[in-house]
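Please read the points below with the sequence and the coordinates open. They concern the sheets first, then the helices.

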Amino acid sequence: MVDTGYYKNRPRPTSAPQGCPVDHTFSPFEENYRKDPYAELEKRRSGSPVFYSEKLGYLVLTRMEDVSEVFRKPEIFSSENVQYPVTPICDAAKSILAADDYDPMPVLSNGTPPDHTRVRKHAQAGFSGRRIRILEPYVRRRCETLIDAMIAKGSPANFVKSVAHPLPGETIFRFIGFPEEDDQKLKEWTANRLAFTWGKTSDDEQVEIAENMLAYWRYCAAFVKRRLADPADDFTSELLAVHKSHPDDLAFKEIESVVYGLSFAGHEIVTNLLSNCLINLLSNRSQWEEIRDHPEMIPKAVDEVLRIDSPQTSWRRVAVVDTEIAGYKISAGTEIFLSLASANHDEELFENPESFDIFRKNAGAHISFGRGIHFCLGNRLAILEATIALETLVERLPSLMLVEEQTFSFYPNFTFRGPAELWLTWSG
Ligand code: HEM
């Protein structure tokens, strides 16, 4: 049985660079890290900011300077490992994904130059200001409808289920151009993809997710084919227009793969951003009141949430040549865990990094969207969704509060962070 191209199992664990401190306990799956990653990261940053994690088999970077340097050198540190499943794929799931017609290509996050450069140029044009503006009224309408439905059901409400989960899924489906009547099955097929790559999944879970991924891939392939014959005003049709005029510059198969990747890239991470915005703003009441009275402060508040409580806490790279980082010689094949969460709390860059402050001057210097050639294509869309959600909430529910004494549970995984449920209450 062969590894599937897109979701390759990790070739071999990295070994520790010579002289590099070895940490025997660090892992995002550890209880302490899951409860409070920032305290665990601060200990490392102030002790050994570059270390080898024995549990992960990765070199871990915690300082902004080192993380940025790796992002900025794609010819040395490749992103080809970003989709490697953390839990190796079992044979039963592999055989599902070995279907002849399941052949997504690494195009964006795990793509490498020169192909990545070529595909990204066209995808970036599709994320234009015009496309975002076209989508804005839909996001606003859907957001209002979901929040009104939450209010009608009464307080308390689970915000994740009522708003934070449905809104980004539906937004990305409209962006791609999928028809609304397919939303329900699309949501079922795209569920739990995070678990497949970044979680600790059982064989049975992997099989179920793999079946859904195959169904979703087939849906995407059929949809792209339909749009080729019958274009509309959406992102997919824009890419297909490029393909029609310059087939050598953007292949049909690459468009299928871009569409397939977007449902993941643009969904649960935004769910987590929306929830993290409310946790931070509502537990710092005066700052909630500030955005309530001055909604023009909302974009700054979103930036500060992205800094202090990023929905994406880490990302990966692999060295493709022998090189050096932070004074350590590392050999080709060394895998690197870039701690975005730690870099965002680096005291060299951010004063009082643990305090949530929507007036912070340099909150936008966070690294939650990455840097360099893979910089997040969906950043404006994510910020738009969070801004509209907060604008609607401060207007409709100024008395909004967190339900007291709730404990948040975070799905154990390598990279993403947001509560499984978020209970809110309000008066009036
Ligand atoms: C708060 C929400 C989001 C965060 C924190 C986030 C974060 C990131 C990060 C860290 C990367 C990798 C950067 C790198 O490797 O240098 C990335 C890449 C990417 N993101 Fe996002 N993202 C978010 C939302 C979105 C949305 C809404 C979309 C799509 C609508 C999206 C689409 C992408 C794509 C396509 C890439 C790959 C770009 C490339 O490799 O050229 N993201 N994102």
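Predicted model: local features only at pLDDT ≥ 70, side-chain atom pairs only at ≥ 80, totals over all residues.

1. β3 and β9 pair in the parallel sense, over 3 bridges; strands are paired if DSSP finds at least two bridges between them. Across this pair, leucine 338 in β9 is the bridge partner of leucine 61, and valine 60 stands opposite phenylalanine 337. Helices (H or I, at least four residues) and strands (E, at least two) are DSSP runs, numbered from the N terminus.

2. Residues are numbered from 1 along each chain as its sequence is written.

3. The sheet that holds these strands is open, has 6 strands with mixed pairing, and runs in the order β1-β2-β3-β9-β6-β4. Its edge strands are β1 (22-23) and β4 (77-78), each of which pairs on one side only.

4. Arginine 316 has phenylalanine 337 of β9 as its bridge partner.

5. β9 is largely enclosed by the rest of the structure, because 5 of its 5 residues are buried. A residue is buried if 20 or more other C-beta atoms lie within 10 Å of its own, exposed if 12 or fewer, and partly exposed in between, with C-beta atoms placed from the backbone. Glu335, Phe337 and Ser339 point one way from β9, and Ile336 and Leu338 the other way. In a regular strand the side chains alternate between the two faces of the sheet.

6. β3 can be described in like manner. Tyr58 and Val60 point one way, Leu59 and Leu61 the other way, and all are buried. Strand β2 (residues 50-53) runs antiparallel to β3 (residues 58-61) and is joined to it by 4 bridges, with valine 50 opposite leucine 61. The β2-β3 hairpin has 4 residues between the strands, and glycine 57 there takes a positive phi near 75°.

7. Helix α3 (residues 64-71) lies across β2, β3, β4, β6 (314-319) and β9 (335-339), and runs at about 125° to β9. Axes are lines fitted to C-alpha atoms, for helices over the stretch in contact, and angles run from 0 to 180 degrees between N-to-C directions.

8. A second open sheet has 3 strands in the order β5-β11-β10, with antiparallel pairing. β5 (157-158) and β10 (401-402) each have a single partner strand, so one side of each is left without a neighbour in the sheet. β10 is joined to β11 (residues 423-425) by 2 bridges, and leucine 402 stands opposite leucine 424.

9. How do helices α6 and α18 pack? α6 (residues 129-153) and α18 (residues 379-396) pack at about 40°, with their axes 9 Å apart. They are therefore oblique to each other; angles under 35 degrees count as roughly parallel, over 145 as roughly antiparallel, 65 to 115 as roughly perpendicular and the rest as oblique. The residues making the contact include Ile132, Val139 and Ile147 of α6 and Leu384, Ile388 and Leu393 of α18; two residues are in contact if their C-beta atoms, placed from the backbone, lie within 7 Å. By class, the contact has 10 nonpolar, 1 polar and 6 charged residues. Here Ala, Val, Leu, Ile, Met, Phe, Trp, Tyr, Cys and Pro count as nonpolar, Asp, Glu, Lys and Arg as charged, and the others, Gly among them, as polar.

10. Helix α16 (residues 298-308) is mostly covered, with 9 of its 11 residues buried. Among the buried residues are Asp303, Glu304 and Arg307. The buried residues of α16 pack against α14 (268-282), α15 (285-293) and α18.

11. Isoleucine 176 lies in helix α8 (residues 166-176) and is buried, with 24 other C-beta atoms within 10 Å. Not counting residues up to four places away in sequence, isoleucine 176 touches Asp234, Phe235, Thr236, Val259 and Leu262. Isoleucine 176 and cysteine 220 are 44 residues apart in sequence and 9.9 Å apart in space, C-alpha to C-alpha.
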